[in-house]
Amino acid sequence: MAMNKVFSSCDDAVADIFDGAVIMIGGFGSYGGLPISLIVALAKQGARNLTIIANQGGVGLELSKKIKPGGYQDIGALYAKGQVKKFIGSVPALGGMPPTSPIETLHREGKVEIEMVPQGTLAERIRAGAGGLGGFYTPTGVGTPVEIGKEKKVINGKEYLLELPLTADFALIKAHKADTLGNLVYRGTARCFNPVMAMAAKTTIVEVDELVQPGELDPEVIVTPHPFVSRIVEVPR
Amino acid sequence: MKARLDEQTIALRVAKEFEDGMGINLGYGMPGLCANLIPEGRTVYFHGENGVLGYGALGEDKQKDYELINASDQPVTPMPGMCFFDSAMSFDMIRGGHIDLVVLGAYQVSQTGDLANWGRPGRPATGMGGGMDLAAGCKSVIVMMLHNTKDGAARIVKQCSFPLTAKNCVDKIFTNLAVIDVTPKGLILKEVAPGWTAEEVQSLTEAPLIIADDLKEIEL
């Protein structure tokens with residue numbers, strides 16, 4: 001286990017992300033739980049042909065103003081320079097928003113591929129990848145467009161679909177606090193996809209509100225144990 | 001033209017279904033209104049698929065805590081006993097049948113209880129979110145929607161033309177005109193909005209309705 005995981009900047013922490021990388025990005029969708037500083041650093045770094053795995057596709061700075069006064073950067077920042085080749089997630093675009101988000105615009109122009117995955121299936125595919133499993137059978141999606149091309153199996157009289165694991169080269173996640181070893185705790189609903197994604201990537205990079213010394217986090221409440229975390233950047237919000 | 005119920009009133013009627021002790025997920029959009037309308041004397045536990053169980057009423061936008069939101073991005077308030085968990089555990093709760101009831105919005109519901117609530121023409125990039133898991137996994141599925149589209153088209157149809165969320169999953173439909181049970185025999189019209197007749201509701205519904213013997217007006 002690497003000893004010094006603490007990076008002084010998000011730019012340094014994402015510097016080696018390469019063209020064609022598969023990247024999980026934590027959060028649920030909007031501001032809370034999203035590793036915004038890491039996303040902005042990745043947009044600046046400029047790696048291209050990325051496959052992004054995230055719950056939501058990002059609404060982009062303009063539409064984000066409908067969610068938070070003044071708006072915020074999200075995954076939308078990565079589409080601007082054509083960094084994203086494919087998006088895998090449950091809500092590429094929000095039906096309640098105008099059809100002008102960066103991903104929806106690029107998808108319409110045929111410039112971004114989308115793989116639509118039900119949210120629970122997405123979480124479980126990531127957990128399967130994290131845990132070294134070959135997949136699982138779920139009732140979700142039976143009888144819908146999601147079943148197309150998938151193995152179906154009847155188990156105890158009920159129909160299930162085979163879903164396969166997801167892993168990534170990098171995971172960019174957000175936690176509330178880390179100790180310098182990489183143990184993580186989260187805050188409120190900002191936990192969401194972050195803990196499962198932390199476990200499913202070769203290199204997990206976490207942005208935290210506060211960095212503390214080992215011993216300062218109660219071992220009873222640590223959610224992500226430190227072997228899952230490769231790099232830590234403290235970015236107070 | 002006769003008045004149809006407003007969204008707040010539909011939500012009030014839906015919330016009457018909330019039984020003491022239930023774990024309930026409120027879907028994206030209109031169903032969120034139900035969070036503030038729990039019947040007096042009952043305690044329910046609202047589940048957000050983003051990883052929270054037991055949140056309270058909707059919060060004030062101006063003091064929004066972006067780390068305490070429901071799955072519709074609305075700020076909610078903390079309650080004693082509230083707990084947080086990650087997305088994988090959240091969907092274990094849903095698929096594993098540990099959530100009693102989900103209230104979902106819909107574009108269309110069919111006469112056999114098929115639900116279409118995520119994809120519509122012209123918007124191929126909008127996703128299903130957690131809807132498919134909720135519809136497949138919750139013990140009971142309620143749909144809350146307007147009876148007709150803006151153009152007057154029926155949303156309760158013989159067969160859904162929009163992409164499905166799940167087949168044969170809806171148990172009850174609440175609209176601004178009616179309360180309808182989905183049963184193996186078909187759709188049973190149980191309640192109508194005040195001043196409306198069963199025939200008028202049928203004329204705005206594509207799927208055939210069976211009129212309940214004890215048909216009554218919606219009461220709150």
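The structure is a predicted model, in which local features need pLDDT of at least 70, side-chain atom pairs count only at pLDDT 80 or more, and totals for chains, interfaces and linings use all residues. Residues are numbered from 1 along each chain as its sequence is written, while chains are lettered from A and ligands numbered from 1 in the order in which they are written.

**Overall form of chain A**

- Chain A has seven helices and 12 strands; these are DSSP runs numbered from the N terminus, with helices (H or I) of at least four residues and strands (E) of at least two.
- The radius of gyration of chain A, 18 Å, agrees with the value near 18 Å for a compact globule of 237 residues; the radius is taken over C-alpha atoms, and the globule rule is 2.2 Å times the number of residues to the power 0.38.
- Along the principal axes, the C-alpha atoms of chain A fill a box of roughly 50 × 45 × 30 Å.

**Strands S4 and S5**

- Strand S4(A), residues 84–89, runs parallel to strand S5(A), residues 113–116, and four bridges join them; strands pair if DSSP finds at least two bridges between them.
- Ile88(A) has Glu115(A) in S5(A) as its bridge partner.

**Contacts with chain B**

- In chain A, 43 residues are in contact with 36 residues of chain B; contact requires C-beta atoms, placed from the backbone, to lie within 7 Å.
- Helix H6(A) provides the largest share of the side of chain A that touches chain B, namely five residues.

Notes
Two residues are in contact if their C-beta atoms, placed from the backbone, lie within 7 Å.
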